[in-house]
Amino acid sequence: MNEYMSIPEAAVLWKTVPEVLHHECETNRIQGAVRFGYRWMIPAEAKCPLAIVLNKQHANKG
């Protein structure tokens with residue numbers, strides 16, 4: 001059985017805001033993310049999208 005997490009759960013795990021993850025889901029940047037009605041569900045084993053990782057690294061520089 002596939003385990004999924006919601007956007008708010010993933011936002012806490014990946015230390016970002018839900019709006020960013022919603023955009024990443026809408027633009028198919030989170031592999032395996034599926035939409036159920038108006039909610040996005042992200043596979044529990046999904047990796048944090050590269051754009052979020054790079055943005056965090058940039059923010060930490062200064």
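**From values to words**

Mentor: E19 is found in helix 2, where a helix is a DSSP run of H or I with at least four residues and a strand is a run of E with at least two, both numbered from the N terminus. Before you ask further, note that this is a predicted model, in which local features need pLDDT of at least 70, side-chain atom pairs count only at pLDDT 80 or more, and totals for chains, interfaces and linings use all residues. Residues are numbered from 1 along each chain as its sequence is written, and side-chain values use heavy atoms, with hydrogens and water left out.

Trainee: Why is E19 called exposed?

Mentor: Buried means under 20% relative accessible area, exposed means over 50%, and partly exposed is in between, with a 1.4 Å probe and protein chains only. E19 has 58% relative accessibility, so E19 counts as exposed. The C-alpha atoms of E19 and I7 are 8.6 Å apart, and these residues are twelve places from each other along the chain.

Trainee: What makes S6 buried?

Mentor: The relative accessible area of S6 is 8%, so S6 is buried. S6 lies in strand 1. Leaving aside residues up to four places away in sequence, S6 touches R39, W40 and M41; contact means heavy atoms within 4.5 Å.

Trainee: Which elements does the whole chain have?

Mentor: There are three helices and three strands, and from the N terminus on they run β-α-α-β-β-α. Of the 62 residues, 29% count as buried.

Trainee: Why are helix 1 and helix 2 called roughly perpendicular?

Mentor: Two packed helices are described by the angle between their axes and the distance between the axes. Helix 1 (residues 7-14) and helix 2 (residues 18-26) pack at about 115 degrees, with axes 9 Å apart. The axes are lines fitted to C-alpha atoms over the stretch in contact, and angles run from 0 to 180 degrees between N-to-C directions. Angles under 35 degrees count as roughly parallel, over 145 as roughly antiparallel, 65 to 115 as roughly perpendicular and the rest as oblique. Helix 1 and helix 2 are therefore roughly perpendicular.

Trainee: Which residues meet where these helices pack?

Mentor: I7, A10, A11 and W14 in helix 1 meet P18, L21, H22 and C25 in helix 2. By class, the contact has seven nonpolar, one polar and no charged residues. Ala, Val, Leu, Ile, Met, Phe, Trp, Tyr, Cys and Pro count as nonpolar, Asp, Glu, Lys and Arg as charged, and the others, Gly among them, as polar.

Trainee: How do you know that Y4 and F36 form an aromatic pair, and what makes the pair edge-to-face?

Mentor: Rings of Phe, Tyr and Trp (its six-membered ring) pair if their centres lie within 6.5 Å; planes under 30 degrees apart count as stacked, over 60 as edge-to-face and the rest as tilted. Y4 and F36 are 6.4 Å centre to centre with 85 degrees between the planes, an edge-to-face pair. Y4 lies in strand 1 (residues 4-6) and F36 in strand 2 (residues 34-36), so the pair ties together parts that are 32 residues apart in sequence.
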